[in-house]
Amino acid sequence: MKPQKSRCLTEAEIRRLEALEKRYRNAARQQFESRVAYFHRITGGNYTSITVRDQKTRWGSCSSRGTLSFNYRLIFAPPVILDYVVVHELCHLTHMDHSKNFWNMVASVMPEYKECRKWLREHGQELSLENHMRKLGIPVTLS
């Protein structure tokens, strides 16, 4: 984790945030693995691995080699939003584009996908460790 330069965090605060991020990344990995296993039975296709990252511009991706990548910050979203991104990427195993067939497949698994896309556009920037901590009433700084 790289704290924003505009903040003056102590070394202890930086280490604390890094440790918390590691815990959330591990929780996210477990959640992604579980949800991929569940939805893969429905969508089919072949994937080779799952990676969890802190992508700046994407919530997920699917490579032509079958690597599914997910943004760990989805762990802070409502579960249906995380599920939508999982379904979206799994459908790319069958349709490596955003064609009508792709969206029809997404809709067949998750009819409410449009609401999920809208939620991500409107609230995605709120999905961060620091915002999550604030919502829980946990101070970001230790002083």
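User: On what basis are residues numbered and features reported here?

Analyst: Residues are numbered from 1 along each chain as its sequence is written. In this predicted model, local features need pLDDT of at least 70 and side-chain atom pairs count only at pLDDT 80 or more, while totals for chains, interfaces and linings use all residues; side-chain values use heavy atoms, leaving out hydrogens and water.

User: At what angle do helix α1 and helix α5 pack?

Analyst: Helices are DSSP runs (H or I, at least four residues), numbered from the N terminus. Axes are lines fitted to C-alpha atoms, for helices over the stretch in contact, and angles run from 0 to 180 degrees between N-to-C directions. Helix α1 (residues 11-43) and helix α5 (residues 129-136) pack at about 95 degrees, with axes 11 Å apart. The two are therefore roughly perpendicular (an angle of 65 to 115 degrees).

User: Which residues make that contact?

Analyst: Contact means heavy atoms within 4.5 Å. Arg16, Leu17, Leu20, Glu21 and Tyr24 of α1 meet Leu129, Glu130, His132, Met133 and Leu136 of α5.

User: Is Asp83 buried or exposed?

Analyst: Buried means under 20% relative accessible area, and exposed over 50% (1.4 Å probe, protein chains only). Asp83 lies in helix α2 (residues 79-91) and counts as buried because its relative accessibility is 11%. Leaving aside neighbours within four places in sequence, Asp83 is in contact with Arg35, Phe39 and Met110.

User: How far apart are the axes of α2 and helix α4?

Analyst: The axes of α2 and helix α4 (residues 113-123) are 10 Å apart, at an angle of about 105 degrees.

Note on methods
Angles under 35 degrees count as roughly parallel, over 145 as roughly antiparallel, 65 to 115 as roughly perpendicular and the rest as oblique.
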